[in-house]
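Morning, everyone. Please bring up the sequence and the 3D view, and I'll walk you through them.

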Amino acid sequence: MTQIKKPPFGLYIHWPYCVSKCPYCDFNSHVAQTIDHAQWAQAFEAELHRVFQESKGQKVSSIFFGGGTPSLMAPQTVNRILETTASLWGLCDDVEITLEANPTTVESDTFANFKHAGINRLSIGIQSLRPDALKFLGRAHSVEEGYRALELAAKTFDRYSFDLIYARPNQNLADWQDELTQALSLSAGHLSLYQLTIEPGTAFYKDNVPAAEENLGADLFDLTQTMMEKAGMPAYEISNHAKPGDESRHNLVYWQGDDYIGIGPGAHSRLNNFAIHQIYKPDLWLNGVLENGTGEQKRKKLAPDERAVELLMMGLRLKNGINCEKFQQVSGKSLQSCLDPDGLDLLLTHDLIEWDQQHLRPTYEGRKCLDGVLEKLIRL
């Protein structure tokens, strides 16, 4: 009997430590005085061996080191994780291996060491090219350090991306146009451009920092799309822009509903329609792996309706939207059965959704108000 070949999956590694905690950040990131890198390397390797037992027969298509600030990791730890992953599952020939970095953790040899360890794509947390904005955002680096990080990235890696945050308080269209023009001159084919959101639990939320006024936010979004289209880097996802072929293949794993495994404090997985969560606090995760043999906290088999809602919410972030055939393969439900017919008609009438029975995708205007689109569209 011919064995069905399982599709490849993405692997996410979470490094939870940062130099400092930014006031807008709601990620699982922490500041620590001392870190036992040998223990962390041992724990990551042990957890890879454990999760391998339920994902045999699948290769790894992408690996993403996120955080926190993974450029604080020892390059030897990164190399050990990559070698273990390759020996267990095997890597696809065109595997994408991304590491997030902050300019404060960059020295002359840092990027070269990570490239030697196996990283082939860098994602740099620049966030702004303006000194006053960096101070407001609580960033530990200067504009000059940001330039230096981008210069080193360009010399070291064929593929790199960086993040910017816009729609900041007191930012106007002319300011953003100037800053984005500057960013485009420094880019290498991919930019992540996020509007500032004030998330519960962050320092900005506690201090009542205002989000951008709605109309200004919409104008800033329109300006961003126009400039990025003109530069040949259109949005392939609401906040992510790339030249064709330079899209983040790892992030597409999430948005397209493919399997992925997350390892590290607070990481989560979608594997065979199970939602799996790892222990959130770094010290408890480390102890769990080294003393109890697992970093897993809980898992749940997702019902078809639950998986369908996830696929809708993630897939409609993409410019290309959702493929109906793949949606049914993953969720076990037809896409049309998950859509509210009245809501769908309303969204089609107002040109917020495109639907040809094979693909469901948001229009340009639909992506601008995606939360409202999803509220009208999802029947479940």
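Predicted model: local features only at pLDDT ≥ 70, side-chain atom pairs only at ≥ 80, totals over all residues.

Overall picture. The protein has 15 helices and 15 strands. The C-alpha trace spans about 60 × 60 × 40 Å along its principal axes. How does the radius of gyration sit against a compact globule? For 380 residues, such a globule would come out near 21 Å. The protein has 21 Å, so the two agree.

Now the inside and the surface. Of the 380 residues, 51% are buried.

Next, contacts along the chain. Take those between residues at least 6 apart in sequence. Of these, 70% join residues at least 24 apart.

On to the helix pair. Please find helix 13, residues 341-349, and helix 15, residues 370-377. Their axes are 7 Å apart. The packing angle is about 140 degrees. What do we call that arrangement? Helix 13 is oblique to helix 15. The cut-off matters here, because roughly antiparallel would need an angle over 145 degrees.

Which residues meet? From helix 13, we have Gly 343, Leu 344, Leu 346 and Leu 347. From helix 15, they meet Val 373, Lys 376 and Leu 377. By class, this contact has five nonpolar residues, one polar and one charged.

Look in helix 11, residues 304-315. Is Leu 312 buried or exposed? Its relative accessibility is 0%, so Leu 312 counts as buried.

What does Leu 312 touch, leaving aside neighbours within four places in sequence? The contacts are Ile 322, Phe 327, Leu 335, Cys 338, Leu 339, Leu 360, Leu 374 and Ile 378. One of them, Leu 374, falls within the 370-377 range of helix 15. For a distance across the model, take Leu 312 and Cys 22. They are 290 residues apart in sequence and 31 Å apart in space, C-alpha to C-alpha.

The second residue is His 350. Where is it? His 350 is in the loop between helix 13 and strand 14, which covers 353-355. With 51% relative accessibility, His 350 counts as exposed. The cut-off for exposed is over 50%. Glu 365 lies 15 residues from His 350 in sequence. In space, C-alpha to C-alpha, His 350 and Glu 365 are 9.3 Å apart.

So, to recap the two residues: Leu 312 is buried, and His 350 is exposed. Thanks, everyone.

Notes:
Residues numbered from 1 in each chain as written. Heavy atoms only, no water. Axes fitted to C-alpha atoms, helices over the stretch in contact; angles between N-to-C directions. Helix = DSSP H or I, 4+ residues; strand = E, 2+ residues; numbered from the N terminus. Parallel < 35°, antiparallel > 145°, perpendicular 65-115°, else oblique. Contact = heavy atoms within 4.5 Å. Nonpolar A, V, L, I, M, F, W, Y, C, P; charged D, E, K, R; others polar. Rg over C-alpha atoms; globule rule 2.2 N^0.38 Å. Buried < 20%, exposed > 50% of the residue type's maximum accessible area, 1.4 Å probe, protein only.
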